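Colleague: Could you help me learn how to read salt bridges in a protein model? I would like the general idea and then the case at hand.

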Amino acid sequence: MTKQIWLNLPVKDVAKAKDFFWKIGFSFNEQHDTPSSTCMVVGENNFVIMLFEEMLFSSFSQNGVIDTKSGSEVLISIDAESREEVDELAEKVKEAGGTVFAPPAESQGWMYGCGFADLDGHRWNVLFMDFSKLPH
């Protein structure tokens, strides 16, 4: 049976992508770095997101890379521990050169989050969920 899952994302420039994600607080398992890929780890369970230069990614997927300016294939969602963490991450994204396409806001009375795009246009959703306010 499957023991792990990881996500592979195409990027134009691995070094720039790594710098962006480093600036917003993600870490890397650098023993898996190559000139055309890097291994980003997310969260307490160290979820792996591999960043591959577009040509290498295309060779694996045997498909073209989507134009992230006109379409999305995936929305990557991550949690936050507080509203303040959502706000801080949104600021870090802007400072690191990303785009906040949905500013931090409350949703449905129990969630607070924002949406951002990384340097390659991949869309991310950051949510703080206050389950004490969840409608019954």
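Colleague: Let me start with one side chain: is Asp33 buried, partly exposed or exposed?

Modeller: Keep in mind that this is a predicted model. Asp33 is partly exposed, as its relative accessible area is 29%, and partly exposed lies between under 20% for buried and over 50% for exposed.

Colleague: Which residue forms a salt bridge with Asp33?

Modeller: For a salt bridge, we look for a side-chain nitrogen of Lys or Arg within 4 Å of a carboxyl oxygen of Asp or Glu. Here the partner of Asp33 is Lys18, with the closest N and O atoms 2.5 Å apart. This pair links distant parts of the chain: Lys18 sits in helix 1 (residues 14–23), while Asp33 is in the loop between strand 2 (27–28) and strand 3 (37–42). Lys18 counts as buried, because its relative accessibility is 16%.

Colleague: How many salt bridges are found in the whole structure?

Modeller: The search finds six. One of them joins Lys23 to Asp19, with 3.1 Å between the closest N and O atoms.

Colleague: Where do Lys23 and Asp19 lie relative to each other?

Modeller: Both are in helix 1, four residues apart, so about one helical turn separates them. Lys23 is partly exposed at 45% relative accessibility, and Asp19 is partly exposed at 37%.

Colleague: What about Glu91 and Lys94?

Modeller: They form a salt bridge too, their closest N and O atoms being 3.1 Å apart. These two are three residues apart in helix 3 (residues 83–95), so they are also separated by about one helical turn. Elsewhere, salt bridges with shared partners join Lys18, Glu30 and Asp33 into one network.

Key. Residues numbered from 1 in each chain as written. Predicted model: local features only at pLDDT ≥ 70, side-chain atom pairs only at ≥ 80, totals over all residues. Heavy atoms only, no water. Buried < 20%, exposed > 50% of the residue type's maximum accessible area, 1.4 Å probe, protein only.
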